[in-house]
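Here is a short briefing to read alongside the sequence and the model. Take a look at the fold, then go through the points below.

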Amino acid sequence: MTTHKAAELISLALTVPTVIFGVMVVVIWGKSILKRFSAEDRTATDWLILGIVISFIGSGLDNIYWGITWGSDFLGLESSAVWFRNGVYANIPFRQTAGIVAALCHLRGAVSWSSKGGGCGAVTKIIRGAWILCGVTMITLYLIL
C-alpha cells in the first residue's frame, strides 16, 4: 500500500467517529439551543452554541458526502468521477453556507457580549467588506471565464 493510499484509508476511517461525534454534539446541544431560541432573550452564549451546532451539522454532512466520494475512489468504483465532479454542489450548502452562518452566529454573540462595553462597528464593516469582496470575486471570475 502506498503512503497516499494509507492516508486515504486513515482519512476514511476517521470519517466515522467524526460524523458520530458531530451527531452527538448536535443532539446534545441542539435540543437545549432550540429551547433557548424559543425565548425572547438570547445571550451571547446562545449565539455561540447555535453557531457550533450549525457548524457541526454542515461539517457532518460534508464529511458524509466526501466520505462517499473518497470511499468510492479508494475502492476504484467508476462512480467516483461523478461524486468528485458534483462535489461543488455539496460544498455550497454544507461547507460554505454552514460555515458562513455559523461564523455570523459567533460574531453576533461576540458583538452582543462586547457591546455592553462599547460596540463592534469594525465587525460590521468587515462583514460588509467580505460580502463586497465575495461579489467582486464572483464578477471577476465570471468575466475571466
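**Helix packing and overall shape**

Helices α1 and α2 are roughly antiparallel to each other, a term used for angles over 145 degrees, with under 35 counting as roughly parallel, 65 to 115 as roughly perpendicular and the rest as oblique. This is a predicted model, in which local features need pLDDT of at least 70 and side-chain atom pairs count only at pLDDT 80 or more, while totals for chains, interfaces and linings use all residues. Residues are numbered from 1 along each chain as its sequence is written, and side-chain values use heavy atoms, with hydrogens and water left out.

**The chain as a whole**

- The chain has five helices and zero strands, where helices (H or I, at least four residues) and strands (E, at least two) are DSSP runs numbered from the N terminus.
- Along the sequence, this reads as α-α-α-α-α.
- With a radius of gyration of 19 Å, well over the 15 Å that the globule rule gives for 145 residues, the chain is more spread out than a compact globule; the radius is taken over C-alpha atoms, and the rule is 2.2 Å times the number of residues to the power 0.38.
- The C-alpha trace spans about 60 × 45 × 25 Å along its principal axes.
- Of the 145 residues, 22% count as buried, meaning under 20% relative accessible area, with exposed being over 50% and partly exposed in between (1.4 Å probe, protein chains only).
- Taking contacts (heavy atoms within 4.5 Å) between residues at least 6 apart in sequence, 61% join residues at least 24 apart.

**How the helices pack**

- Two packed helices are described by the angle between their axes and the distance between the axes. Here the axes are lines fitted to C-alpha atoms, for helices over the stretch in contact, and angles run from 0 to 180 degrees between N-to-C directions.
- The axes of α1 (residues 3-38) and α2 (residues 44-74) come within 7 Å and cross at roughly 150°.
- The crossing of α1 past α2 is left-handed, that is, the near helix is turned anticlockwise from the far one by less than a right angle (clockwise would be right-handed).
- The contact of α1 with α2 has 18 nonpolar, eight polar and five charged residues; Ala, Val, Leu, Ile, Met, Phe, Trp, Tyr, Cys and Pro count as nonpolar, Asp, Glu, Lys and Arg as charged, and the others, Gly among them, as polar.
- For α2 and α4, the axes come within 8 Å and cross at roughly 165°, which makes α2 roughly antiparallel to α4.
- Helix α2 also passes α4 in a left-handed crossing, and the residues of this contact divide into 16 nonpolar, nine polar and three charged.
- The axes of α4 (residues 87-114) and α5 (residues 121-144) come within 11 Å and cross at roughly 165°, and these two helices are therefore roughly antiparallel.
- Helix α4 passes α5 in a left-handed crossing. I100, L104, L107 and V111 of α4 meet V123, I127 and W131 of α5, giving seven nonpolar, no polar and no charged residues.

**Two residues to look up**

- S72 lies in helix α2 and counts as buried because its relative accessibility is 5%.
- Leaving aside residues up to four places away in sequence, S72 touches L77, S79, S80 and W83.
- G76 sits in the loop between α2 and α3 (80-85), and at 58% relative accessibility G76 counts as exposed.
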